[in-house]
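The entries follow below the display.

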Amino acid sequence: MVPQAGVIALLVNPNSPITEAIIRDAEEAARAKGVQLPILRAGTEGEIEAAFGSLVELHANALVVGGDAFFASQREQLVALASCHAAPAIYPWRESAASGGLISYGASLTSGYRQAGTYAGKILKGAKPADLPVQQPTTFELVVNLKTANAVGLTVPPSVPARADEVIE
């Protein structure tokens with residue numbers, strides 16, 4: 001959606017145990033695409049504001065918000081700051097795009113909660129947790145918010161909404 005992006009910032013929570021894995025995977029993707037990937041670390045509301053403030057200094061053309069429960073709880077702040085800074089941002093959960101974020105791609109929280117409920121039901125019926133197989137997400141959702149794209153001046157290629165699970169107009 002931002003084909004000219006030469007610098008794409010990655011926002012991560014330094015307090016999360018999966019941060020290093022997120023950074024490693026994103027750096028590998030950035031190398032493959034030939035883009036610079038500055039890492040922005042934010043573990044508090046104030047640090048999120050500071051991270052967005054540094055987007056201009058970094059000449060970042062876009063932002064990837066790392067998957068982290070803290071960022072899920074700060075969804076409204078993240079979406080508002082991206083809008084304020086006119087920063088094209090992608091989020092890991094559809095709820096962010098539904099709240100005004102540009103685009104999201106990630107595992108369906110609804111599906112994940114359904115899987116957790118099924119597991120809880122099995123355990124309540126007597127299954128031993130150690131005997132149950134490890135589950136991973138199986139449903140991923142791409143959500144595009146065309147209102148937000150227009151607001152930040154992006155032209156969305158027709159192929160993106162055509163592949164999306166949901167398009168917000």
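I took helices (H or I, at least four residues) and strands (E, at least two) as DSSP runs, numbered from the N terminus. This is a predicted model, in which local features need pLDDT of at least 70 and side-chain atom pairs count only at pLDDT 80 or more, while totals for chains, interfaces and linings use all residues. Residues are numbered from 1 along each chain as its sequence is written, and side-chain values use heavy atoms, with hydrogens and water left out.

Whole chain. I counted eight helices and seven strands in the protein chain, whose C-alpha trace spans about 55 × 35 × 30 Å along its principal axes. Of its 169 residues, 37% count as buried, where buried means under 20% relative accessible area with a 1.4 Å probe, protein chains only.

Helix α6. I found that α6 runs over residues 109-124, and that its 16 residues reach 22 Å from first C-alpha to last, close to the 22 Å expected when 1.5 Å is multiplied by one less than the number of residues. At its start I noted a side-chain oxygen of Ser108 within 3.4 Å of the backbone nitrogen of Thr110. Just after α6, Gly126 takes a positive phi of about 110 degrees.

Methods:
A polar contact is a pair of N or O atoms within 3.5 Å; within protein, one must be able to donate a hydrogen and the other to accept it, and residues adjacent in sequence count only if both atoms are side-chain atoms. Buried means under 20% relative accessible area, exposed over 50%, partly exposed in between (1.4 Å probe, protein chains only).
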